[in-house]
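Dear colleague,

Please read the notes alongside the model.

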Amino acid sequence: MAAKTDARCSRLLDILFNPRDREEIKNSILYHLMSLQGRDPERAGPGDMYKAIAYMMRDSLVEKWIRTQRQYYTGKKKRVYYLSMEFLVGRSLDNSLINMGIRDIAADALEELGFDLDEIIEKEEDAALGNGGLGRLAACFMDSIATMKIPAYGYGINYEYGLFYQRIINGYQVESPDNWMRFGTAWEFERPMPLYPINFYGRVETKLDDNGRLRSEWIDTEVVMAVACDVLVPGFCNNNVVNMRLWKAKASRELDLAFFDRGDYIGAVHTKVHSETISKILYPPDKAHAGQELRLKQQYFFVAATFQDIFRRYNRINDDLRGFSSQIAVQLNDTHPAIAIPELMRLLLDEFGISWEQAWETCVNTFAYTNHTLMPEALETWAVDMLEGLLPRHLQIIYEINQRFIDRLRDIYPGDEEKIREMSLIDEGPPKRVRMANLAIIGSHSVNGVAALHTTLLKNKMFRHFHELYPDRFNNKTNGITPRRWLLLCNPPLSNLISKRIGTDWITDLTKLKQLTRYADDKVFQEMFMAVKKTNKRRLARLISTLCGVDVDTESLFDVQVKRIHEYKRQLLNILHVITLYHRIVSQPEKDFLPRTVIFAGKAAPGYRKAKLIIKLITSVAETINCDLRVRDLLKVIFLPNYGVSLAEKIIPAADLSQQISTAGTEASGTGNMKFALNGALTIGTLDGANVEIREEVGPDNIFIFGLTVEQAEYERKMPGRTPRSIYEQNPEIRLVVDSIRDGSFSKSNKNLFQSIVDDLLDHHRDPYLHLIDLEDYLQCQEQVARTYRDKKKWCRMAIHNVANMGKFSSDRTIQQYASEIWGV
């Protein structure tokens, strides 16, 4: 009897954790609806049903996650720790259903319950754990890590608020809090244990230990507790589940009774509020000292908690530190986590008492550093005074690292003090600052760029002295995107068409798409391919109508630029082309112009005034053009608000043209370029970032390239052949465009509104991004785009070749290279 009862219980648990068919899924949803939410199924709405199916999926994931972790421990596998300030995962429900292989039967089960799965999916908030490409790349990497069964973890911060929620009011960006966690989330487990103390401030005391060695102790500190929150990430149909461990700050004391007893109730909770601010918001404003200190606190907070977690796991199966770097690999995703280097040194020296030489060797063999920028001003530095107050022991260690490094440099480069100053960890200022990128380079055994061009520029320009010193340390790992989210999930019509033609192996081996080249000239396949694009454009058109109140022609060319708003990404160049088209249409009403819908989306940093003014210019131009009856349906301009992952999933499949037009030598890689091409959009772009490699893969006949090369752009900045002012004076069409911005044509006669933009455009010294220098070539290239789009068969053939040749740009390939060439797993 007991055996039968145990068997029934086991079967019940199996149904709850691993529902396999429609009936089991339906029962599991109803169970989670009632037991976890206390909801009557007959009264449940889409939001209730979303939570029920999300909890069902989480239960299924956790059982597989436990099995995955047990395998790691049993096999004593080397672990990888991917440290990133951002993980821009977007929504999790649809991705989990697809990767677990039950989306279709889940949709059928929900339909029987009277609900539509697509409507349910829309109830999920985007997880606002990142901002842009850095965080989205990290999320793609976690998907590939799970799919390829790499023993790895992602570590970051569990932000309560995202960057901000963007609204467009009177054409201006208006920021409001992005409280994505206000109703909680079904996708994470908050762990009461382990709970780690994180120290700040205090002072350092030095004394001799029992062996007569000098030891440092960090004392009289303020303590914040780090609470672990695990978010599970499933691999594709392989029962392998990994996790991101995101840290949340908690006060070491909930209430200070001394204040409470005196009647100071605000003072009683001040410490709690102050401590928990650390994980409150992604990227707090850093104009003021308090914001800068909070950013540094965030970085150290998650790094210190992570290393306590690493040692907890390591010490469970190891008795000493000799094998640490053979068991642990730590990848620094940009300079944000670089404070991990002095933190590991502190632990090895002060807590474990090993020698400096042994600690440094362990440190270098453990860390690897990914650089994500070519902008010198974006290389993170911290004021020495701030570090000394907040992390005094770490500053001591940084100074010691630097002194030993400089002593070595003076032996190698005697008398070359200028080179030594450039390579030093300390910028002597004033004020003195610690160069975190330099620290990351000398404290790691690997330094990688994220595109071939980017890596070349790191070696030859930005970090040329370091490359000369460590030639074997620098390597390239071109970024990639996960095909599960960026084709299978976001573009079902195209995914289904591809799978019917070449099978489904492409989902985990994107190089299989190469087989599509044989269909590039197939008339039937071309018609089906174009029908897929039309379906996606209709879906986006409905969304545009809902969000912006503008009806767009789905027969028009959908010309798309969606990304963070920044001068170097040159949304301004795009809008100059739009204004040019507007003038041509109005002045030549008899001419047969190609109908075009130009779509923008993206957020500007709250303190970035120029970027926010560019948004205002775009929306002002859009308002003028969309209301001008003379334009008819030949040109529409759209700015979609609050760009994020879920919005990208609707925009990208609908795009005909992908704008990747950054000034050559400014974009490290870009991954939006890959997503658009994978979904059948043609690229117009400069030879910048990964555009160079996309051109190599798809062929020069299947991409539109314009503009200066890196070398030409650098030369133009130093010794311009033609100044922006001379182009303005010599080209009547460009002069008309600039003058119409200046004379109030797009600002309701307010001539001052965009004057600063005009001044920058015309001044060689104020426009390092060379807008007018590249504009003439850009306009000509856009004319080529229009001519090509009129030839539907040619355009379709080019688009198919783009999809077919995206195999290189899978994040699976990138992660495989990291695993074999850097991590050694």
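Lys76 sits in the loop between α3 (46–75) and β1 (79–83), where helices (H or I, at least four residues) and strands (E, at least two) are DSSP runs, numbered from the N terminus. Although Lys76 is not a glycine, it has a positive phi of about 50°. This is a predicted model, in which local features need pLDDT of at least 70 and side-chain atom pairs count only at pLDDT 80 or more, while totals for chains, interfaces and linings use all residues. Residues are numbered from 1 along each chain as its sequence is written, and side-chain values use heavy atoms, with hydrogens and water left out.

Another loop, between β13 (426–427) and β14 (433–435), contains Pro430 and also Pro431. The peptide bond from Gly429 to Pro430 is cis, with omega near 5°, and a cis peptide bond also joins Pro430 and Pro431, with omega about -5°.

Turning to helix packing, helix α23 (residues 571–587) packs against helix α32 (residues 771–790) at an angle of about 55°, with the axes 10 Å apart; axes are lines fitted to C-alpha atoms, for helices over the stretch in contact, and angles run from 0 to 180 degrees between N-to-C directions. That angle makes α23 oblique to α32, given that angles under 35 degrees count as roughly parallel, over 145 as roughly antiparallel, 65 to 115 as roughly perpendicular and the rest as oblique. The contact (heavy atoms within 4.5 Å) involves Leu572, Leu573, Asn574, Leu576, His577, Thr580 and Arg584 of α23, and His771, Leu772, Leu775, Tyr778, Leu779, Gln782 and Glu783 of α32. By class, the residues of this contact between α23 and α32 are seven nonpolar, five polar and two charged, where Ala, Val, Leu, Ile, Met, Phe, Trp, Tyr, Cys and Pro count as nonpolar, Asp, Glu, Lys and Arg as charged, and the others, Gly among them, as polar.

For helix α24 (residues 609–627) and helix α31 (residues 755–762), the axes come within 10 Å and cross at roughly 110°, which makes α24 roughly perpendicular to α31. Here Lys610, Leu613, Ile614 and Leu617 in α24 meet Ser756, Ile757 and Asp760 in α31, a contact with four nonpolar, one polar and two charged residues.

On a 1 Å grid over the protein atoms alone, a cavity is a set of points where a 1.4 Å probe fits but cannot get out, and a pocket is an open set with protein on both sides within 12 Å along at least five of seven lines; lining residues have an atom within 4 Å of a point. Grid points are joined across faces, edges and corners, and a volume is the space filled by probe spheres set on the points.

The largest cavity has a volume of about 180 Å³, and of its 16 lining residues Val89, Ser92, Asn95, Val233 and Arg485 lie nearest its centre. The lining of this largest cavity divides into eight nonpolar, four polar and four charged residues. The second largest cavity has a volume of about 80 Å³, and its lining has one nonpolar, seven polar and four charged residues.

The second largest pocket, finally, has a volume of about 850 Å³, and of the 29 residues that line it, Asp94, Ile98, Arg103, Leu489 and Pro492 are the closest to its centre.

With best wishes
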